[in-house]
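User: I am new to reading models like this one. Could you take me through it feature by feature?

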Amino acid sequence: MFELHKKRELSDNLGNSFTFFKTYGKHFFKIFFVVNGGFLLFFGAFIYLFLKVNFDSVRDANVNNDPFNALLSYFNNNEAVLISMIAVFAVAIIVLSLFNYAYPVLYLKLIGEKNSNDFTINEIMTSFRQSIWKLIKFTIGCVFIIMPLLLITLIVLIFLCFIIVGIPLIMISIPAFFSFLNFSFYAYITDDKRFFESLNHAYHLVKEDFWNTIGATFIMMMILQLIQVSITFFFYFVGISIFIASQIGASGFNNVEPFEPSPLIIIFITAIVLFIMVLSSVFNNILIINQGMIYYSLEAKNRSLNTEIDLIGDSNE
């Protein structure tokens with residue numbers, strides 16, 4: 001049985017993240033893909049139409065030798081439809097982003113309450129709906145309070161890189177900032193703390209076991225980033241190769257014809273964009289689960305310490 005509330009060392013924080021997916025992965029990703037499925041269909045249709053419009057504009061530009069007016073004419077004739085689609089797309093992106101960021105936190109919260117994954121998608125969605133206002137407030141707080149401070153700090157560290165000392169500092173600061181934000185979010189959603197109270201709590205958690213926290217975070221970030229970059233570049237080069245081959249096959253080397261977008265090319269690019277979106281969300285979920293392992297480990301240490309203090313106080317009485 002997977003134990004969420006327990007003290008962990010650096011290797012345990014990494015190992016338990018993968019143990020979690022070995023134990024609960026099927027149930028975790030089933031809910032993830034059920035919720036994301038409808039959004040992905042919508043995004044796929046939107047991306048396909050967007051690519052088709054742009055490819056058609058390129059084709060018309062090659063025929064008429066007037067690319068700017070061809071594209072401008074299309075936008076003017078379909079202004080209402082385009083604005084509506086962009087608005088719906090923006091709202092869908094915001095809702096999906098909020099869910100995907102909150103989902104691992106809510107999932108671990110329910111596991112902590114039930115000591116198992118014996119819950120349904122309806123319970124996850126109920127928790128999400130109950131937390132939606134808190135998610136919005138946390139996002140606003142991060143954008144207007146935390147992010148400007150982090151950006152200023154990051155700029156200072158980048159300038160320090162020119163005198164070498166900034167390089168190790170930035171390698172330490174990035175995972176530290178990342179853990180700070182995630183611990184704040186966990187405290188805000190899981191323990192129902194206020195915004196500034198959650199920031200203060202996260203600060204003390206990061207400081208409590210600093211090297212263990214940033215070490216596990218840095219290693220997990222590097223592993224997932226290397227895998228994601230490798231997969232992304234693979235499909236990027238495959239896509240370019242298919243595109244070039246299709247154009248050569250369609251027009252030949254010595255026969256220059258206007259660019260004609262192939263539906264298969266558009267479908268392939270759409271599928272790749274959706275795949276990269278899903279891959280990014282999955283890796284982000286894995287990373288946030290890893291942050292959850294560290295968070296619950298630090299919370300377990302605090303609870304154990306508080307229990308020992310209470311026992312000492314009781315024995316002295």
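User: What should helix H3 span at 1.5 Å a residue, and how far apart are its end C-alpha atoms?

Analyst: First, the idea. Helices are DSSP runs (H or I, at least four residues), as strands are (E, at least two), and both are numbered from the N terminus. The expected span of a helix is 1.5 Å times one less than its number of residues. Now the case, in this predicted model. H3 covers residues 79–114, so its 36 residues should span 52 Å. Its end C-alpha atoms are 51 Å apart, which agrees.

User: What ground rules apply to the model?

Analyst: Residues are numbered from 1 along each chain as its sequence is written, and side-chain values use heavy atoms, with hydrogens and water left out. The model is predicted: local features need pLDDT of at least 70, side-chain atom pairs count only at pLDDT 80 or more, and totals for chains, interfaces and linings use all residues.

User: Where does H3 have a kink?

Analyst: The bend at a residue is the angle between axes fitted to the seven residues ending there and the seven starting there. In H3, a kink of about 40° lies at tyrosine 103, shortly before proline 104.

User: How does H4 compare with a straight helix?

Analyst: H4 falls short. It has 40 residues, and a straight helix would reach 58 Å at 1.5 Å a residue. The end C-alpha atoms of H4 are only 48 Å apart. H4 also has a kink of about 50°, centred on serine 131.

User: Which residues of H4 are buried?

Analyst: Buried means under 20% relative accessible area, exposed over 50%, and partly exposed in between (1.4 Å probe, protein chains only). The buried residues of H4 include Ser127, Phe128, Ser131, Lys134 and Leu157. Across the protein, buried residues make up 39% of the 317 residues.

User: What is the overall fold pattern, read along the sequence?

Analyst: The pattern is α-α-α-α-α-α-α-α. That is eight helices and zero strands.

User: What share of the contacts joins residues at least 24 apart?

Analyst: Contact means heavy atoms within 4.5 Å. Take the contacts between residues at least 6 apart in sequence: 80% of them join residues at least 24 apart.

User: Which residues does phenylalanine 43 contact, and is it buried or exposed?

Analyst: Phenylalanine 43 sits in helix H1 (residues 10–64). It counts as buried because its relative accessibility is 0%. Leaving aside neighbours within four places in sequence, phenylalanine 43 is in contact with Phe89, Ala92, Ile93, Leu96, Leu274 and Met277. Phenylalanine 43 and methionine 277 are 234 residues apart along the chain, yet their C-alpha atoms are separated by 9.9 Å.

User: What does threonine 217 touch?

Analyst: Threonine 217 lies in helix H7 (residues 210–251). It is buried, with a relative accessible area of 0%. Not counting residues up to four places away in sequence, threonine 217 touches Pro175, Phe178, Ser179, Asn290, Gln291 and Ile294.

User: Where does valine 206 lie?

Analyst: Valine 206 lies in helix H6. With a relative accessible area of 8%, valine 206 is buried. Beyond its neighbours within four places in sequence, valine 206 is in contact with Ser179, Phe180, Phe183 and Thr213. Its C-alpha is 8.1 Å from that of phenylalanine 183, 23 residues apart in sequence.

User: Which residues other than glycine have a positive phi?

Analyst: Most residues other than glycine have a negative phi. Asparagine 115 has a positive phi of about 60°. Asparagine 115 is in the loop between H3 and H4, and is partly exposed, with a relative accessible area of 48%. Aspartate 192 also has a positive phi, near 55°. Aspartate 192 is in the loop between H5 and H6, and is exposed, at 52%.

User: Where is confidence lowest and where is it highest?

Analyst: pLDDT is the predictor's confidence in each residue, from 0 to 100. The mean for the protein is 81, and 81% of its residues reach 70 or more. Confidence is lowest in helix H2 (residues 67–77), at a mean of 63, and highest in helix H6 (residues 195–208), at 91. Over residues 306–315 pLDDT stays under 50, and the model has zero contacts there beyond four places in sequence.
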